[in-house]
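Here is a friendly tour of a protein model, meant to be read with the structure open beside you.

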Amino acid sequence: MKKEYDILVIGSGLGGLVSALILAKEGLKVCVLEKNNQYGGNLQTFSREKLIFDTGVHYLGGLSKGQNLHQFFSYLGIMDDLELHQMNEDGYDKISFGDENIEYPHAQGYENFIEQLTAYFPNEKENLESYCEEIQYVCAQFPRYQVIGKDSYNEEILHLNTKRFIESVTQDKKLQAVLLGSNFLYGGDSENIPFYVHALTVNSYIQSAYKCVKGGSQITKLLIKKLRHYGADVYKHSEVSGFIFDEAGVLSSVTTKSGKEYAAKKFISNIDIHSFIKLIGEEKLRKSFLNRVMSWEPVSSCFSVYLVLKPQSLPNFNYNIYHYSSEEMVWNAFRYSKENWPETYMLSSTPSKHHPDYAESLTAISYMDFDEVKAWEKTINTVAEEHERGLKYEQFKLEKAEKMISALEKKIPNLRHSIKSIYTSSPLSYRDYIGSFEGNMYGYMKSSDNPLKTMVSPRTKTDNLFLTGQSVNMHGILGVTIGAFNTCAEILGKEIVDKRLKQMMNTHEKK
């Protein structure tokens with residue numbers, strides 16, 4: 001017997017869970033179906049030797065009181081239960097180049113951001129002020145970035161190019177590279193990407209930067225707990241295998257690989273857009289939409305090395321390091337040569353539970369093209385410790401890990417002596433566990449030349465089918481959360497969503 005719901009959400013990534021919760025709070029009967037063993041998409045964590053490692057979310061921005069993500073999470077009812085640790089206020093990110101010993105800080109708070117960088121670039125204070133003003137101006141132009149506000153995009157801003165803007169702000173090549181140093185957060189393409197992507201990403205962290213204690217999966221757990229509180233059903237091991245349309249051509253239900261059928265009045269797809277197209281069938285989509293989506297280039301994938309450290313062997317650092325082989329590398333960091341890999345990396349540490357001055361683990365991430373693992377693309381593996389991809393794959397990962405550790409030792413001499421054990425993940429891991437096309441980190445490449453090409457409405461040709469998630473417009477925790485509110489505004493009406501958010505904000509102001 002098939003179950004019937006008001007809303008059925010396919011995929012339990014952040015966009016799906018947030019959409020489900022917004023609608024469940026409105027009294028709708030909601031169901032979320034997840035194909036894998038773990039909920040949460042990019043929020044997933046994994047455990048090795050009793051230590052927790054993040055797969056996608058290494059830090060969050062905009063979470064201090066009154067800031068946008070804080071307000072959205074407060075509305076969802078999860079903010080007060082989040083265990084957070086604020087990162088170094090004078091440098092949550094530090095940028096370094098080549099063999100230089102200097103690490104240039106990105107600090108929290110705009111005045112502090114300017115002050116910390118002016119110490120390294122004393123003649124650039126006014127330029128840094130202009131840069132910060134423009135970031136805040138661009139962010140203010142975006143619907144829902146201020147929680148409530150503008151209804152539409154200022155199209156002129158969408159065409160502003162990151163490279164051209166940064167070059168107009170300062171002539172100092174080193175400062176240009178430092179300002180772009182965290183572009184790993186949007187796929188490492190500062191040459192073609194619209195400036196709004198850079199601004200929306202960077203602004204959140206300059207406002208405030210936090211790490212989730214015990215990893216990003218606590219966000220997932222809190223959202224699911226709230227969903228169940230509102231009577232929603234959430235199922236894993238439930239891969240949707242087909243859409244069923246009635247005689248009138250209306251989407252009426254979905255089937256899963258295990259043979260179950262779930263009926264609903266409305267449906268939200270929170271899966272990668274390529275998987276969605278495969279599932280619904282090309283004939284159910286507008287030709288123009290299909291051609292546009294199929295021409296999108298996925299953002300690069302990555303290779304991650306997770307190091308379990310010997311107790312009290314390495315001091316902890318409460319910031320991320322973004323390192324580049326050269327200043328020039330920062331513009332197109334995702335374009336690397338295999339011989340010189342890794343030409344850039346992001347490095348973060350996790351403090352020891354019992355000795356917080358020391359690190360218990362390190363995570364290092366660098367870009368990797370899916371082509372490098374294409375030989376094993378037909379293998380699927382979502383079970384830890386299974387080596388079904390064979391010895392050649394294990395050897396490939398081992399060699400990459402060795403190269404990464406050699407690169408890290410230039411920054412942390414004798415690191416090898418502190419390593420207890422090594423774990424890795426490749427683009428295949430991200431593809432299989434998170435479901436992203438070719439293991440891409442952040443959906444699809446955006447271009448300032450044609451910014452609307454990768455902007456998709458949450459509405460589809462099928463009246464009762466909607467889209468959400470990082471394939472739809474903005475990626476990242478904040479981008480996907482805003483996207484979920486926009487998807488729900490299409491279902492409930494913008495007025496209702498705005499009214500609820502206003503009520504929440506007024507309540508919080510009175511407290």
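## A tyrosine between two strands

Y306 stands opposite T363 in β17, and opposite Y423 in β18. This is a predicted model, so please read each contact as part of a prediction. Y306 is one of the residues of β14 whose burial covers both faces of the strand.

What pairs with β14? Here is where to look: β17 (residues 359-368) runs antiparallel to β14, with 8 bridges between them. β18 (residues 419-425) is also antiparallel to β14, this time over 6 bridges. Strands of a sheet pair through backbone hydrogen bonds, either parallel or antiparallel.

## The seven-stranded sheet

Stepping back, β14 belongs to an open sheet of 7 strands, ordered β8-β7-β15-β16-β17-β14-β18, with mixed pairing. β8 and β18 stand at the edges with a single partner strand each, so one side of each has no neighbour in the sheet. On average, neighbouring strands are turned by 20 degrees against each other, direction ignored.

Follow the order from β17 to β16 (residues 344-351), and you meet an antiparallel pair with 6 bridges. In this pair, S349 has L362 of β17 as its bridge partner. Helix α12 (residues 391-409) packs on the sheet and touches β14, β16, β17 and β18. The direction of α12 makes about 70 degrees with that of β14.

Another open sheet has 3 strands in the order β5-β9-β6, with antiparallel pairing. β5 (60-61) and β6 (84-86) are its edge strands, each with a single partner, so one side of each is left without a neighbour in the sheet. β6 and β9 are joined by 3 bridges, and H85 has K211 in β9 as its bridge partner.

Helix α3 (residues 110-118) is mostly covered, with 7 of its 9 residues buried. They are Y110, N112, F113, I114, Q116, L117 and T118. These buried residues pack against β8 (104-106), and also against the helices α4 (125-140), α7 (173-179) and α8 (195-207).

Now turn to helix α11 (residues 287-294), where the buried residues are F289, L290 and V293. They cover an arc of only 95 degrees around the axis, so they lie on the same side of α11. The face turned away from that buried side carries the exposed residues K287 and S288. On the buried side, the packing partners are α10 (273-280) and β19 (465-467).

## The nonpolar cores

Which residues touch the most other members of the largest nonpolar core? They are F73, Y131, Y196 and I219, out of 145 residues in this core. Helix α14 (residues 476-492) gives the most to the core, with 9 residues. In soluble globular proteins, nonpolar side chains tend to be buried together.

Leaving aside residues up to four places away in sequence, F73 touches L63, I78, M79, L82, I219, I477 and T481. Another core lies apart from this one and has 27 residues, among them Y5, L8, L33 and F243.

## Backbone details in the loops

Most residues other than glycine have a negative phi, and most peptide bonds are trans. The peptide bond from W341 to P342 is cis, with omega near -5 degrees, and P342 is found in the loop between β15 (320-324) and β16.

K214 is not a glycine, and yet its phi is positive, near 70 degrees. K214 sits in the loop between β9 (209-212) and α9 (217-229). Is K214 buried or exposed? K214 is exposed, with a relative accessible area of 55%. N414 also has a positive phi, near 60 degrees, and lies in the loop between α12 and β18.

Note on methods. Residues are numbered from 1 along each chain as its sequence is written. This is a predicted model: local features need pLDDT of at least 70, side-chain atom pairs count only at pLDDT 80 or more; totals for chains, interfaces and linings use all residues. Side-chain values use heavy atoms; hydrogens and water are left out. A nonpolar core is a set of buried Ala, Val, Leu, Ile, Met, Phe, Trp, Tyr and Cys residues joined through side-chain atoms within 4.5 Å. Buried means under 20% relative accessible area, exposed over 50%, partly exposed in between (1.4 Å probe, protein chains only). Helices (H or I, at least four residues) and strands (E, at least two) are DSSP runs, numbered from the N terminus. Contact means heavy atoms within 4.5 Å. Two strands pair if DSSP finds at least two bridges between them. Axes are lines fitted to C-alpha atoms, for helices over the stretch in contact, and angles run from 0 to 180 degrees between N-to-C directions. The arc is that of the directions from the helix axis to the C-beta atoms.
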